[in-house]
Amino acid sequence: MARGSAVFLWLRHGALLPLALLSLLLMQQGLRTGWADAAGITPKKVHLGRCDHPVFRVVVDVGHTPEAPGALSARGVPEYDFNLRLAKQIEEKLTEGGFTSTILLITEGPAKSGLSERVARANALNADLFVSIHHDSVPQSFKEEWEHDGQKNSYSDRFKGHSIFVSYENRRRAASCAFARLLGRELKASGLQYTPHYSRPFMGKWRRELIDADAGVYRYDGLIVLRTTQMPAVLLEAGSIVNRDEELLLSSSDHRLLIATSVVNAVDRFCALRPSRNSNARLSELQKKLRKR
Ligand SMILES: [Zn+2]
């Protein structure tokens, strides 16, 4: 090889390495402006750190199963029915919002095997985010009896509001907390209030640490669907179905839409904050452009 060519190659690759490292660093820090200037590239061609909606995969998990349907509402409706309706609405809104890889996860069977099955399926789906949809009840000792439509039912009007849970044992703990906070803020911006009762001493063994008092995010390490999922995971209790007024609210399509829209907005923000699974492809694209210079 002629000496001139060797110098030329060194110059090209010697200059390429720091530029590529700089771009990688900017991407890792999630900077959305300035990277293109630093690399000297037209920003319209490559979008590092921007949400890639069709590729970003959300698993919307319908809490419980038809055979083990969770809590009973104040009017005797199984929690599973509420979870399924809300999760379907969320899936629909996410798809409409461009998140076309969204998967609605419906599980069948007894409670325990249902839990391990949903985790195994979620892990196999290579998802970017897992959101489990539930509706809340209260410990039995807080319940009272009333008659509705000729049937005796249990209720408690003591608490109302949603709550969000994360597990510190999830391998993507920081990302789980980040999404939980975004979701809590979106719900708050929609005028919804979380319930603070999980942090109170009278909750006994159900008491949880409130890790974000603004967004209503609680820590619940032991929840299997949050602990053993391989992706960032959050559980939303959308409200209390044993509260007689809140049950009616949670049954309304307007309210479901409000919650679904808040979830989509939070997913949108979360997705934009994180490097997408296309980051490597985009980095190669950036490197190719740099090589051409
Ligand atoms: Zn539940």
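These notebook entries record what I looked up in the predicted model of this protein chain.

**Entry 1. Ground rules**

I worked from a predicted model, in which local features need pLDDT of at least 70 and side-chain atom pairs count only at pLDDT 80 or more, while totals for chains, interfaces and linings use all residues. Residues are numbered from 1 along each chain as its sequence is written.

**Entry 2. The whole chain**

I found nine helices and nine strands in the protein chain. These are DSSP runs numbered from the N terminus, helices being H or I with at least four residues and strands being E with at least two. Of the 293 residues, 37% count as buried. A residue is buried if 20 or more other C-beta atoms lie within 10 Å of its own, exposed if 12 or fewer, and partly exposed in between, with C-beta atoms placed from the backbone. I then looked up contacts, meaning residue pairs whose C-beta atoms, placed from the backbone, lie within 7 Å. Among the contacts with a separation of 6 or more, 73% join residues 24 or more positions apart.

**Entry 3. Helix H5**

H5 covers residues 173-189. Its 17 residues reach 24 Å from the first C-alpha to the last, close to the 24 Å expected at 1.5 Å a residue; the expected span is 1.5 Å times one less than the number of residues. I listed its buried residues, including Ala-175, Cys-177, Arg-181, Gly-184 and Glu-186. Their cover includes strands E3 (129-136), E6 (163-166), E7 (209-212), E8 (217-219) and E9 (233-240), together with H8. Just after H5, Gly-191 takes a positive phi of about 90°.

**Entry 4. H5 against H8**

How do H5 and H8 pack? I read an angle of about 140° between H5 and H8 (residues 253-273), with their axes 8 Å apart. Axes are lines fitted to C-alpha atoms, for helices over the stretch in contact, and angles run from 0 to 180 degrees between N-to-C directions. The two helices are therefore oblique to each other. On the scale used, angles under 35 degrees are roughly parallel, over 145 roughly antiparallel, 65 to 115 roughly perpendicular, and the rest oblique. The crossing of H5 and H8 is right-handed, that is, the near helix is turned clockwise from the far one by less than a right angle, anticlockwise being left-handed.

On the H5 side I noted Ala-178, Phe-179, Leu-182, Leu-183, Glu-186 and Leu-187, and on the H8 side Ser-262, Val-263, Asn-265, Ala-266, Arg-269, Phe-270 and Leu-273. By class, the residues of this contact are nine nonpolar, two polar and two charged. Nonpolar covers Ala, Val, Leu, Ile, Met, Phe, Trp, Tyr, Cys and Pro; charged covers Asp, Glu, Lys and Arg; the others, Gly among them, are polar.

**Entry 5. H3 against H8**

I next turned to H3 (residues 79-96), whose axis comes within 9 Å of that of H8 and crosses it at roughly 50°. H3 and H8 are therefore oblique to each other, and the crossing is right-handed. From H3, Arg-85, Leu-86, Gln-89, Ile-90, Lys-93 and Leu-94 meet H8 residues that include Arg-256, Leu-257, Val-263 and Val-267. The contact of H3 with H8 has nine nonpolar, two polar and three charged residues.

The 18 residues of H3 should span 26 Å, and the end C-alpha atoms are 26 Å apart, which agrees. The buried residues of H3 pack against E1, E2 (103-105), E3, E9, H7 (244-250) and H8. Just after H3, Gly-98 takes a positive phi of about 100°.

**Entry 6. The loop between E1 and H3**

Gly-70 is in the loop between E1 (58-62) and H3. Is Gly-70 buried or exposed? Gly-70 is buried, because 20 other C-beta atoms lie within 10 Å. Beyond its neighbours within four places in sequence, Gly-70 is in contact with Gly-63, His-64, Pro-78, Glu-79 and Tyr-80. His-64 lies in the loop between E1 and H3 and has a positive phi of about 70° although it is not a glycine. His-64 is buried, with 26 other C-beta atoms within 10 Å.

**Entry 7**

Asp-149, in the loop between E4 (144-148) and E5 (151-155), has a positive phi of about 55° although it is not a glycine. Asp-149 counts as exposed, with 7 C-beta neighbours inside 10 Å. Ser-132 of E3 is buried, with 25 other C-beta atoms within 10 Å. The C-alpha atoms of Ser-132 and Val-234 are separated by 6.3 Å, although the two are 102 residues apart along the chain.

Key
Two residues are in contact if their C-beta atoms, placed from the backbone, lie within 7 Å.
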